[in-house]
Amino acid sequence: MKKIRIGTRQSPLALWQANKVSDLLTQKGCETEIVPISSEGDLNLKQPIYSLGFTGVFTKSLDIALLNDKIDIAVHSLKDVPTVLPEGLVLAAYPERANAADILVYKSEKIFEKEVRTIATGSLRRRAFWLNQYPNDQLVDLRGNVQLRLQKLLDNDWDGAIFALAGLDRAEILEELTAKKLHYKVIDWMISAPSQGILGVVTRENYELPNINNTECELKATVERQFLNILEGGCTAPIGALVSTVGEEQYHFHGAILSLDGQQKLEVEEHFTKQDFQNFGRKMAEKCKILGAEKMIEQIKTQLKKS
């Protein structure tokens, strides 16, 4: 087999992910080459992600490189990959999931005593979940790779910022927080983004990629992304979805959609078996629709157009 060209964004975390996939392929006897590519989401750090006007803001450049045969595969944080891929591209492997949790990184334990805090995040989902719990807090936008976001937290008069635990762990930053006089705490009431912590490998159709797939990751990603796809309909919205293993071939689904201000939350939970997973995300999304999710999504679309 000829050398496999692995496309990736240029952030340290993205390069770690690409090298992780490269290691897996090397174990299969393949020769690989890392090809860093800039994305619109990385180049434009001034606007909130949702205001850039399209989904796939971090994946579009890599999609184009794949379709133009500049690379053979693209490695992503799967939560950044749209649920509908461009024609000619497929999700070929889900090789690993790290801890899916969100964490609060903060400067002082006094944060928990304050009546009003300033919290930084670039995610509509994290913003909405936080405001659902703490409606009086001030939320500010935060963009950039994890290293840049941590530096912004240190440089500004903010109390804390929200990150994906997997991102800080994979970038080997967790152990550096103490040296920076920062602390962190898992936000156990915040439902993570669909497929958060999962690596996704995208290829052209019919490309013969050696098997580096993790079937458990694929099952969980399939259910979570289906829930997102049915509810979102191309609209950016505060949606969380997480599948957890509870026993042999037994799983638990927890999903929610929130209004932008966090004051409305529609939540669903249910157990399912491995045999039921193919359409389970759709089933949970339809439950949300019965509870009023479609009306909420229309309100979100209207509000985002005005912002």
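User: What makes helix α3 count as lying across strands of the sheet in this model?
Analyst: In this predicted model, helix α3 (residues 60-67) lies across β1, β3, β4 and β10. Contact here means heavy atoms within 4.5 Å. The direction of α3 is about 165 degrees to β3, on a scale that runs from 0 to 180 degrees between N-to-C directions.

User: Which strands does helix α1 lie across?
Analyst: Helix α1 (residues 12-27) lies across β1, β2, β3 (73-77) and β10 (199-204). Its angle to β2 is about 165 degrees.

User: Why are β2 and β4 called edge strands?
Analyst: The open sheet has five strands in the order β2-β1-β3-β10-β4, with mixed pairing. β2 (32-36) and β4 (89-93) each have a single partner strand, so one side of each lacks a neighbour in the sheet. On average, neighbouring strands of this sheet are turned by 35 degrees against each other, direction ignored.

User: How do you know that β1 and β2 pair?
Analyst: Pairing requires at least two bridges, and β1 (residues 4-8) and β2 are joined by five, in the parallel sense. For G7, the bridge partner in β2 is V35.

User: Why is S11 called buried?
Analyst: S11 sits in the loop between β1 and α1. Buried means under 20% relative accessible area; S11 has 12% relative accessibility and therefore counts as buried.

How values were computed
Residues numbered from 1 in each chain as written. Predicted model: local features only at pLDDT ≥ 70, side-chain atom pairs only at ≥ 80, totals over all residues. Heavy atoms only, no water. Helix = DSSP H or I, 4+ residues; strand = E, 2+ residues; numbered from the N terminus. Buried < 20%, exposed > 50% of the residue type's maximum accessible area, 1.4 Å probe, protein only.
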